[in-house]
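I'm opening my notebook on this one.

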Amino acid sequence: MRILLMGHPNVGKSVVFNRITGANVTESNYPGTTVDYEKGYVRIGHEEMEVIDVPGTFSLEPKDKAEEVAVKMLERNKDSVVVCIIDSTKIERGLYLALEIIERGSRVVVALNMWDIAEDKNINIDVEKLRQILGVPVVPTIAVSGEGIKELVSRISGATSVKIESVMKNVGGS
Amino acid sequence: MKLSVDERWDIIDKISKETVKFGEYRHTLKDALAEITVKPLTGIPIAIAVLYGFWSFFGAFAGFFTDGFLVKLFDGHWLPWLQDVFPGGLGNWFYSIMVDAGHMESGVLVAADNCFESFGVLTSGLFVAIGVVLPAIIAFYLFLIILEDSGYLPRLAVLIDTVFHKIGLHGFAVVPMILSLGCNVPAVTATRNLETKKQRFMMMTLLAIFIPCGAQLGIMLDVIPEYVGFVMLYLFLGFFVFGFILNELIPGKSPEMILDVPPYHMPTGRNVGRKLWARLRGFFTVAIPFVLLGVVFVNVLYLVGVIDWLANVFEPVLVGWFGVPKETTAPLVAAFMRKDLAVGQLMGIQEQLGMVAFNTYQLVTSVVLVSLYFPCIATVAMIIKEGMQDRGKGVITFLLGSLAVLMAVVFIWGGLLHLIWIILGVA
Amino acid sequence: MNNESKYNIGRIYFAIFGLIVLAFGAAELLLGVTGRSFEWGLLEMSGEFLLWQGIILFSAGAFYLSSFKNFSDIHQQAKVVMASAMIWIVAGMQIFGMILESIPGGEDGGWFNTAEGFLETYAGPYIPELFLLPFSLVVIYYIRLNRQK
């Protein structure tokens with residue numbers, strides 16, 4: 001099984017990648033550093049899984065070459081689990097990409113990265129509620145220090161695909 | 001089911017209303033610092049201070065290793081020892097490729113007394129690679145990586161972008177340009193982040209022509225320390241002049257780059273060390289073999305007479321148009337392999353010809369020519385690779401276009417420098 | 001002492017310090033532009049980077065002075081921090097350069113410097129930034145104060 005790491009540029013995909021695979025991809029505090037994909041492996045339970053660090057993309061309607069790579073990657077790996085990494089301080093932009101991936105029927109796990117910076121900025125996210133609405137695992141992470149990465153990995157095998165209709169129903173509920 | 005853009009935003013709006021609470025947020029010192037580093041009025045002096053720091057660090061660090069120890073090691077011990085024990089001797093073809101070609105002084109072939117002049121693989125080649133360029137790129141990358149990881153580099157890019165907009169220059173991709181200061185190869189790759197084919201073509205071509213790499217900067221700092229600033233300025237200026245012209249000439253759009261600026265944070269030693277190591281590993285495995293091969297290549301061409309033939313063919317252009325001695329042919333050939341090697345050879349040639357036949361202004365022109373005239377082979381390979389991905393069969397037009405720009409630039413910008421010296425009365 | 005009076009002391013301190021920094025910056029700038037140098041006791045203003053040092057110091061002085069109004073505001077504080085950081089860069093690089101220069105022997109000397117030559121490197125005269133450095137460190141106190149707030 002494959003795991004794709006997707007998210008906006010500079011949300012820390014490469015940091016998460018290094019954390020879970022123990023690889024040595026260069027991490028930069030600089031958007032657009034990963035223009036090609038990187039591969040690594042992680043063992044979950046007894047299964048060895050391939051992890052791919054996809055170049056950052058804002059949406060699935062590609063604007064440049066690096067984003068095209070990302071979209072193609074998703075199309076080619078329909079049965080893989082997508083870990084959608086969201087910058088917790090800009091959660092709305094991140095959710096846009098997450099919804100697009102959900103619509104395409106992929107299995108999704110959402111990582112709310114940079115959780116510490118969101119706390120600094122006094123942004124409060126109700127993780128439990130978000131999990132209920134989206135119907136997919138949602139895990140707060142601080143990739144640079146490694147917090148939440150274990151939980152994130154443990155949720156990957158339990159990821160399921162959800163229908164966008166159910167998301168719409170859940171959000172309309174209250 | 002797929003949603004429309006509006007429907008999606010509608011759902012997100014509802015989700016965020018239910019799950020996210022934005023508390024009162026007061027600006028922290030970090031935010032305020034972030035703000036003043038990108039506003040031109042405060043940002044420019046800060047940028048000057050940072051670049052000053054960069055420069056002094058670079059100079060002090062490289063000077064410590066190169067002038068403090070490595071020059072002594074190579075000129076005082078390594079070269080005499082090799083001249084002593086290496087089989088052959090002056091005049092032998094293998095000896096002149098590997099150790100010392102010697103040079104004519106009033107009709108007699110004499111041995112070189114320093115590693116710039118000897119032009120051997122084991123002498124000049126190793127000296128340029130390890131004695132001069134290695135310390136320089138360690139210093140260079142160390143500082144660059146710290147700037148990058150702290151979050152200052154993207155801010156510098158935004159600041160430069162803002163300033164360019166104010167003076168009417170639009171659509172330049174400053175990010176790849178700044179990345180390119182390290183090495184042109186990853187910078188060419190970074191142009192993938194640009195949206196249109198026109199932009200990618202422009203940036204790839206201009207980067208490869210005008211932006212000197214870290215290795216070249218390092219050796220320039222050792223060879224012509226007083227003029228590095230001028231050379232850089234002249235090259236950057238060329239970048240924008242030709243960028244402006246190309247932007248007008250080539251059909252197509254160059255939309256603005258939207259750059260997300262990351263927050264400032266303390267660079268971690270682990271990541272800085274890892275990145276520095278990755279860069280250095282690249283230097284040892286790719287650059288050093290290329291430098292050594294470059295020396296062999298040029299020396300063989302020299303021995304079979306190709307260099308002299310080329311020098312005579314291009315003499316009218318070199319002497320007449322650019323105002324540099326015809327002996328600069330060999331470094332220009334070497335520049336195709338490695339630019340740092342070429343600058344090192346220029347230095348050796350100046351020492352052989354003497355300051356009268358080859359003065360400092362001519363040396364500066366030659367260094368500028370080395371930068372402009374052809375990207376190094378690694379960059380060319382990368383451009384071809386990217387061009388193929390980008391254009392498919394159109395890659396030929398793409399490359400010919402690049403080459404045409406290159407020729408125009410070399411003649412105009414190189415000749416202009418000669419003209420400047422003439423006007424100043426020094427050429 | 002309450003925060004307000006702490007900030008008031010800071011305002012006055014950095015105003016006076018800013019004026020001194022500005023004056024040194026202006027002097028360096030003028031000397032740099034005209035290509036002259038100046039030496040007085042342990043103070044020295046010369047060298048190929050004088051013009052740049054002048055620009056940096058002058059700007060730092062201007063940053064300090066412009067923070068006078070609403071000194072406690074975080075954006076004004078940021079300017080004080082940056083002005084100090086600019087002095088640290090110039091002074092720090094000067095010290096770094098001195099250390100590296102003191103270790104190897106001269107062009108015709110041995111591998112390492114003599115003890116005498118080593119000490120001589122540090123004997124001065126020094127650039128103004130080195131004298132200004134300790135006084136600019138006061139900003140660290142205010143960085144802490146801002147964090148507590």
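**Strands, then helices**

I started with a strand pair in this predicted model. Strand β1 (residues 2-7) of chain A runs parallel to strand β3 (residues 47-53) of chain A, and 4 bridges join the two. I picked out one position there: Leu4(A) stands opposite Ile52(A) in β3(A).

Next I looked up the whole sheet. It's an open sheet of 6 strands with mixed pairing, and the order in chain A reads β2-β3-β1-β4-β5-β7. Which are the edge strands? I found β2 (38-44) and β7 (138-140) of chain A, each pairing on one side only.

Helix α3 (residues 91-103) of chain A touches β1, β4 (81-87) and β5 (107-113) of chain A, and its direction makes about 165° with that of β4(A). Helix α5 (residues 127-134) of chain A packs there too, touching β5 and β7 of chain A, and its direction makes about 155° with that of β7(A).

The axes of α15 (residues 339-357) and α16 (residues 360-373) of chain B come within 10 Å and cross at roughly 160°. Angles over 145 degrees count as roughly antiparallel, so that's what I call α15(B) and α16(B). The crossing is right-handed.

Who meets whom? Residues of α15(B), including Leu346(B) and Met355(B), meet residues of α16(B), among them Leu363(B) and Val367(B). I noted that the residues of this contact divide into 8 nonpolar, 5 polar and 1 charged.

Definitions and conventions
Residues are numbered from 1 along each chain as its sequence is written. Chains are lettered from A and ligands numbered from 1 in the order in which they are written. This is a predicted model: local features need pLDDT of at least 70, side-chain atom pairs count only at pLDDT 80 or more; totals for chains, interfaces and linings use all residues. Side-chain values use heavy atoms; hydrogens and water are left out. Two strands pair if DSSP finds at least two bridges between them. Contact means heavy atoms within 4.5 Å. Axes are lines fitted to C-alpha atoms, for helices over the stretch in contact, and angles run from 0 to 180 degrees between N-to-C directions. Angles under 35 degrees count as roughly parallel, over 145 as roughly antiparallel, 65 to 115 as roughly perpendicular and the rest as oblique. A crossing is left-handed if the near helix is turned anticlockwise from the far one by less than a right angle, and right-handed if clockwise. Ala, Val, Leu, Ile, Met, Phe, Trp, Tyr, Cys and Pro count as nonpolar, Asp, Glu, Lys and Arg as charged, and the others, Gly among them, as polar.
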